[in-house]
Amino acid sequence: MTKPANFLLLHTARTLLPGVGLCVAITAAAYALQSVEVLLFGKAWLEVLVLAILLGICVRSLWSPDAGWQAGICFSVRTLLEISVVLLGVSISAASVVSLGPVLLVGIAAVVAVAILVSFGIGTLLGLPPRMALLVACGNAICGNSAIAAVAPVIRADAKDVAASIAFTAVLGVVVVLGLPVLGLAAGMTGLSFGIFAGMMVYAVPQVLAATVPLGTLAVQMGTVVKLVRVLMLGPVCFVLSLIAPKLPPEQPDGSDVTAGPAATKLAGFAQFVPWFILGFLALMLCRTFGLVPAGWIAPITQVATVLTVISMAALGLGVDARTVIRAGGRVTTAVILSLAGLGVLSLLLLDVVHLQ
């Protein structure tokens, strides 16, 4: 490694250290609180993943980290989160995906498609601009911020619309992660049915862990697989929207859109819309399927994935300012909540179709 390369590596480490260190500290506090729960009550009523989110939100409410912290926080909430998803691939075999059966696989794709149409219709009825309605619809139906970021340049969305959509998705995503386990336990759902339901409702792949852990290993595995199938819908959806985008009415004559960057100019090719960590997840899943991962490695790798996910959840909480709900505006708030409710109804219908209701 050359000296410039060493210098660059050291500079990057110093830039990331404050934010990552903060997230690790919150993670340590979350694990400590979980241990206190077990000591006092004999079990953890709030899992460490949820505690990390709540602690992150508390810190963010009392203090807003400045630019010196942001690089590490962003690295934790994105890169570490993506690595955790890749590592999680060793816990699932291809047989589990096949076990979903053609009815459920087709049903997941159908729910995503219908949810986008329903959500877009809700946004349009509430008076949202077409591009804003599409951002809300795709973020809600597929994978939250990642879907919004991928769709925005395809439809030439306005930067302010993108910021508002992502801000609200961050807040609502946390609400969903915290609320779903309570709903699942209250409804007496099995690990299998709740895993499917959570996989359809939660925005981000790693957040499925936080939502499904309270209902057991089967819920975690099924939720992850269902969410994986849902995320893979991003490629076809972006391709279809690239065909529709030229027909959308212009919203910003001054050109203040978010078309800059590679996503705006490289619409061809499905691989562009499949995140690298999904490919890594699939690769490790195949390695597990063909016996290339030693059995003794599976538990430690899964534990590392869990710790990285907790750190990412702490970072996620640090990025949530509850006041963004107020600033998002009544129409956007209503559109996202109604869209999520619609997705919930469609997901329950899917469970009924596959006879898991």
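## Leu172 and its surroundings

Apart from neighbours within four places in sequence, Leu172 is in contact (heavy atoms within 4.5 Å) with Tyr203, Val336 and Leu340. The C-alpha atoms of Leu172 and Leu340 are 9.3 Å apart in space, although 168 residues separate the two in sequence. Leu172 belongs to helix H8, residues 159-187, and it counts as buried because its relative accessibility is 10%, where buried means under 20% relative accessible area, exposed over 50% and partly exposed in between (1.4 Å probe, protein chains only).

## Basis of the model

This is a predicted model, in which local features need pLDDT of at least 70 and side-chain atom pairs count only at pLDDT 80 or more, while totals for chains, interfaces and linings use all residues. Residues are numbered from 1 along each chain as its sequence is written, and side-chain values use heavy atoms, with hydrogens and water left out.

Leaving aside neighbours within four places in sequence, Ile116 is in contact with Ala137, Cys138, Ala141, Ile142 and Val237.

## An exposed leucine

Leu39, by contrast, lies in helix H1, residues 3-41, and is exposed because its relative accessible area is 72%.

Key: Helices (H or I, at least four residues) and strands (E, at least two) are DSSP runs, numbered from the N terminus.
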